[in-house]
Amino acid sequence: QVQLVESGGGLVQAGGSLRLSCAASGRTLSNYGMGWFRQAPGKEREFVAAINWSGEDRYNVDTVKGRFTISRDNAKTTLYLQMNSLKPEDTAVYYCAAGWGRDQYSRYRDLTWYSYWGQGTQVTVSS
């Protein structure tokens, strides 16, 4: 069993930055791909970014490319999402997730692949 806890959300003005963290416990993450998803009010949960088990391969949705960076520290069992140049449309609850398997590239955007989810952290970007 893996427990995931997000932190770092908050209220920020457009153009500002936030760094989300996702602390994992219960099991080593070395065999898990990790992802960030977000869900805005009235919308479906959507993929934001993913990273493979080693941290060498990263994937972003087009709307955040050049602004968001996903990274992981397996020694600290922590996943990060650095968010720069934030826009009001980035406002959402952000969730981290873990899925079993190394280099499952074709599955990273698929919510159903992820076995473990955090409780979410709210990010609000004011205009």
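This is a predicted model: local features need pLDDT of at least 70, side-chain atom pairs count only at pLDDT 80 or more; totals for chains, interfaces and linings use all residues.
Arg45 is placed over the face of Trp117, 5.0 Å from the ring centre.

The structure holds 11 aromatic pairs. In one of them, the ring centres of Tyr105 and Tyr108 are 6.1 Å apart and the planes stand at 90°, so the arrangement is edge-to-face. Trp113 and Tyr114 form another edge-to-face pair, with 4.9 Å from centre to centre and 75° between the planes. Tyr105 is partly exposed, with a relative accessible area of 37%, whereas Tyr108 is buried at 1%. Trp113 counts as buried at 9% relative accessibility, and Tyr114 counts as buried at 5%.

Strand 8 (residues 78–83) pairs with strand 7 in the antiparallel sense over 6 bridges. The open sheet to which they belong has 4 strands in the order 1-3-8-7, with antiparallel pairing. Strand 1 (3–7) and strand 7 (68–73) stand at its edges; each has a single partner strand, so one side of each lacks a neighbour in the sheet. From one strand to the next, the twist averages 15°.

The charged side chains complete the picture. The count of salt bridges comes to 5. One of them joins Arg38 and Asp90, with an N to O distance of 2.9 Å. This pair links distant parts of the chain, 52 residues apart: Arg38 is in strand 4 (residues 32–39), and Asp90 is in the loop between strand 8 and strand 9 (92–100). Asp90 also meets Arg67 in a salt bridge, at 2.7 Å from N to O. Here the partners are 23 residues apart, with Arg67 in the loop between strand 6 (58–60) and strand 7. Arg38 and Asp90 are both buried; the relative accessibility of Asp90 is 1%, and Arg67 counts as buried at 10%. Together with Glu46, the residues Arg38, Arg67 and Asp90 are linked in a network of salt bridges.

A further salt bridge connects Lys65 and Asp62, at 3.2 Å from N to O. Asp62 is exposed, with a relative accessible area of 59%, whereas Asp90 is buried.

Key
Residues are numbered from 1 along each chain as its sequence is written. Side-chain values use heavy atoms; hydrogens and water are left out. Rings of Phe, Tyr and Trp (its six-membered ring) pair if their centres lie within 6.5 Å; planes under 30 degrees apart count as stacked, over 60 as edge-to-face and the rest as tilted. Buried means under 20% relative accessible area, exposed over 50%, partly exposed in between (1.4 Å probe, protein chains only). A charge sits over a ring if NZ of Lys or CZ of Arg is within 6 Å of the ring centre and within 35 degrees of the ring normal. Two strands pair if DSSP finds at least two bridges between them. Helices (H or I, at least four residues) and strands (E, at least two) are DSSP runs, numbered from the N terminus. Axes are lines fitted to C-alpha atoms, for helices over the stretch in contact, and angles run from 0 to 180 degrees between N-to-C directions. A salt bridge is a side-chain nitrogen of Lys or Arg within 4 Å of a carboxyl oxygen of Asp or Glu.
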